[in-house]
Structures are given as structure tokens and as C-alpha cells.
Amino acid sequence: MKKYGKGFLAALMTLIFVIGSLLPVYAEETDPLTLESKSAVLMDAGTGKVLYEKNSHEAMPPASVTKVMTMLLIYEAEEAGQFKWEDSVQVSEHAASMGGSQVFLEPGENQTAADMTKCIAIASANDAAVAMAEFVAGSEEAFVERMNKKAEELGMQETHFVNACGLDVDGHETSAYDIALMSRELMTRFPEIQEYTTTWQDTIVHKTRKGESEFGLTNTNKLIKWYEGATGLKTGSTGKALYCLSGTAERNGLHLIGVVMAAPDFKVRFQETMKLLDYGFANFSAQKGLPAGQEMAEIPVTKGMKNTVPIIVKEEISMLLKKDAGSDWETRAETLPGMDAPVAAGEKAGELVYLINGEEVGRTDLVTAETVEKANINTMLQRMLRQWF
């Protein structure tokens, strides 16, 4: 066996020490946040882009963060005209039997749909969540079917709901990424939910056979007291799920969603959600694109009452920008070479691409600004005569 001198061994030990000392630095570079929570994700609500993730597609119990989907379906049902916020909702035996976080609704008690929803958003009330599920769909089971259907529509591939409130039960699970998806849908489509999700304290009045009594509500989401720009959204904790949170915040037009799952304790879920949000606000910014309706060009129309039609920006978009990449964007219009009459107003005629340093950062549709009818015989003859003479 070949023998090595003391000098060689000393050099080898030094090399091993140097390599070992570099490993933590490498780990910090690959994971800038080093969270204790088992799963996490940071998403830009404007674009849906993921800015940070840790095991974000691992399915696990979500506890009361389930109620993000419950509230989304409630708001969708109200928007569809299925009920009005002032409508009365009666509490069933089943709804009143829910344990865990609750507002102690009694069987037969009536509350408005607005107050029930307020109890869900502020106090994470299981009894109110199930009462509203029954009110909207006829039964909790039918409501859960809607929850799973909506999850599928949103592309929530790691999700399966079994109840409307999030109590531990086998098979009831989702992922941090899926929670971010449904949180984004709720907050962007129904920003009015923030009336409740940013309320620290409120009350409801219990109206039962025993009389009336006021009941206090305190928000379970401490972010709205602790974090600048917090807009919501939903906490959750059970024995299986540990501590979960979907936290949302907005600063200078940048709206972020930070989700943690299976945090080891009550404080860590808030600390690490704030760490996620801090990371997003420190490294990214949002800018608005051109306003909806701005005219960009005209394109030819064949056999129309007019020879061209103006095209305009369909909608103003939000662009997510890295702060170290600059903020001067330019646009490139990609349009159809022409259109055949008749042309309807609002018909897609191309896309507007936003670029920074040649890299695409967003795009939106370009649509026709007005209707162009098909040319009649007289118009066609006049055009032919002008061409000939």
C-alpha cells in the first residue's frame, strides 16, 4: 500500500475543510429563504408566475385554508344571481355540529349570507362554512363536488376536497401551488373579499329562541396587523396539517401570494409567509402596460365599406419585472396582414408583445376598434371606376 506523508494528509484535510465550508453557502444560493415549513410557494397574483417554491406540488392536508375555495364558490354563486347577500341562511343540525374553529351557530338559527361569509373570512368558522355550502348547493356533499370541479378548472392537479371547511379527514388534500392558484382566482376576481380579510375585529348577532346576543369576531390572520400592505387571506391548523397560511399583500401595484404548509408552529407560519413576501417585494416590481382602448395601427380590410380598420389594445396588463433588469419596456405589434369584411368590433386582429432587453415580459390581444360592413355593389363599382380612370 502506498504511504502518504504528513504534508499530503494535512493538505487533504485542508481541502476537505474548505469544500465543507462552502456547502452552506451553496445551499443558501440555491434556496435563498431556507424555510422550516415543509412546503411553500410565492406567486405573483398579476401574472401567476412562481417566484419561489419549496416542495410546492406535494399534496398534504390544508386545514382551514380549504375555505379559500369555499369563499370563491360563494362569491361565484352570488355573482351568478343565485342569492343576494341580504338573504337569510338557516343553520342545519349538520352545520352546527362542526367542531374546531366556529362561531357557535345553533340549529335553526338564521344569519344573512353576508354575515355567514364574514364569519368564514374573519373567524374561519367551520359551522358558517358548512351552512353556506348547504345554502349554495343544497348539501355539503353537492358543494364539495363543485369544489373539486372548480379545482380541476383551475388546474389544481394535487387537490381533492372531501369537506367544505378543512377538518382532518382521509383524502382531503392539496398543495401549496394549488392553494396559490385558488387564492389568486379569489383575490383577482373578487377583490371585494378584502372588506372582510383585512378586518381585524367585528361582530355578529346571534338570534335564537333564547334571544339575541352579540358575538365577537377576531381575524385569525395576524398578517393584517403585522405586515404592511397585507390584504388577506386564510389561515389553517389541525393535527395533521400542522400550521398553514395563504398570505396576500400588495405594494405599489405588485400583489403577491405567499403560501406555507406544515409549518412547525403558530409563529413560524407567519414569520415564513412574511419572509416570502419580503423576498418578492425586494426583488420584483409591477408595471402597467398601455391602457385599454389605445389605438396601435390600422390594417387593411378586403371588400369592406372602409379600406382599413383601426386596432386597439384590448386590456391593460400588469407586467412582472425583476428589479435588477431595468424597467424600460418596448412593444411589438404582431398583427394580421389583413381582414375580410364583414369585421365585427372587438374581433381579435393580433397581439401586443411587451419586451425588456429583447425578452418578452407580457402580451395582450389587439382587437378591432369598430365594425366594418361588407361593401355593397355601388361601393364596389365606384372603386373599380376609380381604379380604371
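K38 and E58 join their side chains in a salt bridge, with N and O 3.3 Å apart. The model is predicted. This pair connects distant parts of the chain, 20 residues apart. K38 sits in the loop between helix 1 (6–30) and strand 1 (39–44). E58 sits in the loop between strand 2 (50–54) and helix 2 (67–79). How exposed are the two partners? K38 has a relative accessible area of 43%, so it counts as partly exposed. E58 is partly exposed too, at 30%.

Helix 2 brings in another pair. E76 forms a salt bridge with R189, and the closest N and O atoms are 2.5 Å apart. E76 belongs to helix 2 and R189 to helix 7 (residues 176–189), so the bridge ties together parts that are 113 residues apart in sequence. The burial of the two ends can be read from their accessibility. E76 has 18% relative accessibility and therefore counts as buried. R189, at 32%, counts as partly exposed.

R189 has a further partner. R189 also forms a salt bridge with E185, with the closest N and O atoms 3.3 Å apart. Both residues lie in helix 7, and because they are 4 residues apart, about one helical turn separates them. An α-helix has 3.6 residues a turn, so residues three or four places apart point the same way. E185 counts as buried, because its relative accessibility is 18% and the cut-off for burial is under 20%.

Salt bridges also occur as a network. R332, E334, K348, E351, E360, R363 and D365 are linked in this way. The structure holds 16 salt bridges. Side chains of opposite charge can pair when their charged atoms come close.

Now turn to helix 10 (residues 266–283). Helix 10 has 18 residues. From its first C-alpha to its last it reaches 27 Å, close to the 26 Å expected at 1.5 Å a residue. At its start, a side-chain oxygen of D265 comes to within 3.0 Å of the backbone nitrogen of K267. Which residues of helix 10 are buried? They are V268, R269, F270, E272, T273, M274, L276, L277, G280 and F281.

D278 is also found in helix 10. Is D278 buried or partly exposed? Its relative accessible area is 40%, so D278 is partly exposed. D278 and Y227 are 51 residues apart along the chain, and their C-alpha atoms are separated by 9.7 Å.

The strands come next. Strand 11 (residues 295–302) pairs with strand 12 in the antiparallel sense, over 5 bridges. P300 stands opposite T308 in strand 12. The two strands form a hairpin, with 5 residues between them. In the turn, K303 has a positive phi of about 60 degrees.

Strand 12 (residues 308–313) is mostly covered, with 5 of its 6 residues buried. Strand 12 has another pairing, with strand 17 (residues 359–368). This pairing is antiparallel as well, and runs over 3 bridges. Here I312 stands opposite V367 in strand 17.

Key
Residues are numbered from 1 along each chain as its sequence is written. This is a predicted model: local features need pLDDT of at least 70, side-chain atom pairs count only at pLDDT 80 or more; totals for chains, interfaces and linings use all residues. Side-chain values use heavy atoms; hydrogens and water are left out. Buried means under 20% relative accessible area, exposed over 50%, partly exposed in between (1.4 Å probe, protein chains only). The expected span of a helix is 1.5 Å times one less than its number of residues. A polar contact is a pair of N or O atoms within 3.5 Å; within protein, one must be able to donate a hydrogen and the other to accept it, and residues adjacent in sequence count only if both atoms are side-chain atoms. Two strands pair if DSSP finds at least two bridges between them. A salt bridge is a side-chain nitrogen of Lys or Arg within 4 Å of a carboxyl oxygen of Asp or Glu.
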